[in-house]
Amino acid sequence: MSLVDELKSAVTPRAALLVVGVFALQLLFITSYVGALHHPEPKDVPFGVVAPPQVSAQLVGQLEKLPGAPLDPRAVTDEATARDQILNRDIDGALILVPTGRTDTLLVASGGGTVLSTALETILTRVEGTQQRTVRTVDVAPASAQDFDGLSAFYLVVGWCVGGYICAAILAISAGSRPANRERAIIRLGVLALYSVLGGLGGAIIVGPILGALPGSVAALWGLGTLVVFAVGAATLALQSVFGIVGIGLAILLVVVAGNPSAGGAFPLPMLPPFWKAIGPALPPGAGTWAARSIAYFKGNDMTGSMLVLSAWAVVGAAVTLVMSSLKRKPEAEPIADELDTASGARAH
């Protein structure tokens with residue numbers, strides 16, 4: 001057999017296309033991660049200002065005009081309201097001006113991301129210094145001492161997402177990426193649901209009772225984990241039912257390439273470039289990370305949007321999988337399986 005024949009036998013046309021697709025995915029991975037994380041800086045961070053009426057507007061205006069617009073300041077009536085707004089995740093910090101002294105108070109919430117809290121402290125220290133004033137920092141929702149840089153919630157959600165799409169991929173690879181009928185699709189979704197319940201529980205127990213990395217309700221984290229795993233898995237099954245084996249690559253594109261760097265894990269959303277800041281909350285890693293931090297550090301506040309996003313991925317993914325399995329198609333083997341069989345036959349001869 002000639003070298004050309006050996007090459008054609010070793011690398012089928014479809015395999016060559018898949019290699020090209022993997023190459024593109026690799027470049028997109030690098031572009032997405034480096035693009036999102038190579039130069040983090042705060043931008044339009046929701047920020048409260050508590051000051052006497054006669055200076056409040058002036059101080060808000062001063063903060064609005066900071067170079068690079070790191071803050072999105074707004075007047076807040078008093079310190080108690082500022083604390084409530086931080087715990088409700090309406091703002092990320094607040095400056096409490098004390099007119100009778102030279103030291104003001106900065107409220108932050110490192111549970112939402114220690115990098116952002118540190119950035120706020122740096123900005124306000126510099127601003128206060130220009131007025132010959134000092135600032136003391138009070139952490140309203142401090143990150144756990146076992147949660148370095150507030151990353152545990154992010155890594156927990158990443159683990160859940162990985163489990164979701166790998167489980168769906170295995171179900172596809174084992175017996176064809178497109179379910180042959182509705183019954184098979186229902187079985188796959190049922191297996192995925194069971195896996196999601198176990199995966200959600202396992203993750204919640206590991207980061208809670210075992211490692212002590214995250215405070216908060218284990219039951220709430222379990223429920224969140226179940227939804228995250230199922231949402232990602234159902235979306236992966238749906239993409240496979242529409243695009244075949246290529247759907248696994250598309251799931252990785254959505255969850256890993258686009259979702260992880262935009263999730264607000266290493267750097268909270270206000271520190272990400274506009275594109276990643278915009279897409280992050282709409283993808284499972286971002287929605288899951290936000291909700292996990294809310295459970296751990298913010299008394300479960302402001303989770304509605306994230307839960308709706310995850311529920312939408314779960315419901316739409318399951319619905320598409322069931323609809324595609326109901327469409328009448330000619331029975332056929334997976335294209336890759338056909339090519340592998342053909343290649344094996346060629347080598348045998």
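Me: Where does Ala 69 lie?

Reply: Ala 69 sits in the loop between helix H3 (53-64) and strand E2 (71-75). Helices (H or I, at least four residues) and strands (E, at least two) are DSSP runs, numbered from the N terminus. This is a predicted model, where local features need pLDDT of at least 70 and side-chain atom pairs count only at pLDDT 80 or more, while totals for chains, interfaces and linings use all residues. Residues are numbered from 1 along each chain as its sequence is written, and side-chain values use heavy atoms, with hydrogens and water left out.

Me: OK. What is the phi of Ala 69?

Reply: Near 45°, which is a positive value in a residue other than glycine. Ala 69 counts as partly exposed, at 22% relative accessibility. Buried means under 20% relative accessible area, exposed over 50%, and partly exposed in between, with a 1.4 Å probe and protein chains only.

Me: And Asp 44, where is that found?

Reply: In the loop between H2 and strand E1 (45-50). Asp 44 has a positive phi too, near 55°, and is not a glycine. Its relative accessible area is 37%, so Asp 44 is partly exposed.

Me: Why is H8 called largely enclosed?

Reply: Because 19 of its 26 residues are buried, H8 is largely enclosed by the rest of the structure.

Me: What happens at the N-terminal end of H8?

Reply: Ser 217 caps that end, with a side-chain oxygen 3.3 Å from the backbone nitrogen of Ala 219. A polar contact is a pair of N or O atoms within 3.5 Å; within protein, one must be able to donate a hydrogen and the other to accept it, and residues adjacent in sequence count only if both atoms are side-chain atoms. Just after H8, Gly 244 takes a positive phi of about 75°.

Me: Now the core. Which residues touch the most other members of the largest nonpolar core?

Reply: Leu 107 and Leu 224, in a core of 51 residues. The largest share of this core, 10 residues, comes from H8. A nonpolar core is a set of buried Ala, Val, Leu, Ile, Met, Phe, Trp, Tyr and Cys residues joined through side-chain atoms within 4.5 Å.

Me: How many cavities of 30 Å³ or more turn up?

Reply: A search of the whole structure finds 1. The largest cavity holds about 40 Å³ of space. On a 1 Å grid over the protein atoms alone, a cavity is a set of points where a 1.4 Å probe fits but cannot get out, and a pocket is an open set with protein on both sides within 12 Å along at least five of seven lines; lining residues have an atom within 4 Å of a point. Grid points are joined across faces, edges and corners, and a volume is the space filled by probe spheres set on the points.

Me: Which helix gives the most to the lining of the largest cavity?

Reply: H8, with 4 residues. The lining includes Val 232, Ala 251 and Trp 313. It divides into 8 nonpolar, 1 polar and no charged residues. Here Ala, Val, Leu, Ile, Met, Phe, Trp, Tyr, Cys and Pro count as nonpolar, Asp, Glu, Lys and Arg as charged, and the others, Gly among them, as polar.

Me: What volume does the largest pocket have?

Reply: About 510 Å³. Its lining has 29 residues, and Arg 89, Leu 269, Pro 270, Trp 290 and Asp 302 lie nearest its centre. By type, the lining divides into 15 nonpolar, 8 polar and 6 charged. H11 supplies the largest share, 5 residues.

Me: Is H11 mostly covered or uncovered?

Reply: Mostly covered, with 13 of its 14 residues buried. Lys 299 follows H11 and has a positive phi, near 55°.

Me: Last one. What does the side chain of Ser 32 reach?

Reply: The backbone oxygen of Val 257, at 2.5 Å. Ser 32 is in helix H2 (residues 13-37) and counts as buried at 7% relative accessibility.
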